[in-house]
Amino acid sequence: MWHPLETPHSSTNPSIRNARRSIADSNADAARYIGAMHFLQSTWLRQNTPLVGVGAILLLAFAGLAIAGASHSGPQTPVAQVEPLSPTPLPVEALPASGEDADTIQSELEPDDAQALNAAVAIVEEGPGTAPPFRFSGNGADRSRARDCLALAAMAEAGYGDADQRAVMQVILNRTRHPGFANTVCGVVYQGSHRPTGCQFTFTCDGSLARTYPQAQWRAARERAEEALGGRVEAAVGNATHYHANYVYPWWSDQLDKIAVVGPHLFFRWRGFWGSTKALSATYRGGEPDPMALRTVAQAVDRPMGELPSLVADDAAVRSITAETVGRSAREAGEERQRQSSTPQPSGPGPGAHFVLVGSGDDPGAIIARARGLCPGERFCQVYGWSEAGAIPSELPLSNDARRQLRFSYLAPRNGNPEAIYFDCRLFAQPAEGRCMPSARP
């Protein structure tokens, strides 16, 4: 029978095929709708409505879980944990005032200016840090050498005060374990002293190695040194690796953190990692060098004039040999007396012999005035002057070579005898006061 929609080509016409599919889909939807209505009106549904409701709720719940799981089921991209960035530490060789640097002990300012500037610099809020106890490892000779180097440096640098000495000892032991310095106690103490410039501790290059110390002070300093080598930590200075007196201002002072003040000394550490406790990680293994050999080498070095105090410029002797002390500078001896007594003291170190540095450009009148200042009072006092640092001897009596190189001599008045003043007139032509040395006339 012919159908209204059929034509001879209906089986191949796309429009007719689409129309037939549309009619078929509509009939199917209608059939499903009628079936659903019959189900909703059925007796079974009315009798089981609560059960169907619970099932519908469970079905919705499972469907939600399936959707949530699908959203996380794909491959996950890991999220990188970003660590806070910290500055990369400088190479230890690039640190300011490391063990191999030169001119670390010279002040850039006059004493009064240095004191004012140092006082204006605050101690860092983080505090001094906590240095680990020193772990000694070595034989008996290592122990003896380390103890004596530590004790000598403490007396020479800090005097006889307990806290002052312990603070200096802590700095030395901190350096021994820091990669920026030598790895032995004596090596740290004498580091740089074999060069004309570059000594790390002033006493190894300013002539103070010629000093002698009372046996009682040696015993006390050695006891403190033994305690430090045994693990005692001087918490007041913590991780300090540097210090200087409050009346000097070396070039590196503002490049380190100021962490403590003990007596007249200010203590510092490097900034960042190299000033931390972790930086003090090198293991001490003994192998202490012979301190007497180090001392001999240091004393034989011909140092520039600038390394030693000049009589005219600094108003100080390079070395003073007095009844009070042997080998201490005029300035140090005067300061020591001021600390021990509130009674006004003479400005000079007093009776004894004082070795000074003079220059051809110095005014002879100024030289005489400074020499008189070194010898107040009426007791025996003599001043010897040389123009070359390497010619200044370390002890009395003067050798023939030291006498040949003498450029100035002053003997203070005593027992009614007038003062005696002599110049090397080849260096100081026609001085207004004094006489030419017999062996050194122009």
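Reply: Cys375 and Cys381 are both buried, where buried means under 20% relative accessible area, exposed means over 50% and partly exposed lies in between, computed with a 1.4 Å probe on protein chains only. The two are joined by a disulfide with an S to S distance of 1.9 Å; the term stands for a pair of cysteine sulfur atoms within 2.5 Å. The angle about the S-S bond is -60 degrees, and the link of Cys375 and Cys381 is left-handed.

This is a predicted model, in which local features need pLDDT of at least 70 and side-chain atom pairs count only at pLDDT 80 or more, while totals for chains, interfaces and linings use all residues. Residues are numbered from 1 along each chain as its sequence is written, and side-chain values use heavy atoms, with hydrogens and water left out.

A disulfide is a covalent bond between the sulfur atoms of two cysteines. The count in this model comes to 4 disulfides. With the bonded cysteines of the protein numbered in sequence order, they pair as 1-2, 3-4, 5-6 and 7-8.

Another of these bonds links Cys425 and Cys436, with 1.8 Å between the sulfur atoms. The link of Cys425 and Cys436 is left-handed too, at -100 degrees about the S-S bond. Helices (H or I, at least four residues) and strands (E, at least two) are DSSP runs, numbered from the N terminus. Both Cys425 and Cys436 are buried.

Cys149 and Cys186 also form a disulfide, and their sulfur atoms are 2.1 Å apart. The link of Cys149 and Cys186 is right-handed, with 100 degrees about the S-S bond. This pair connects distant parts of the chain: Cys149 belongs to helix α5 (residues 140-158) and Cys186 to helix α7 (residues 185-189), 37 residues apart. Cys149 is buried at a relative accessible area of 3%, and Cys186 is buried at 0%.
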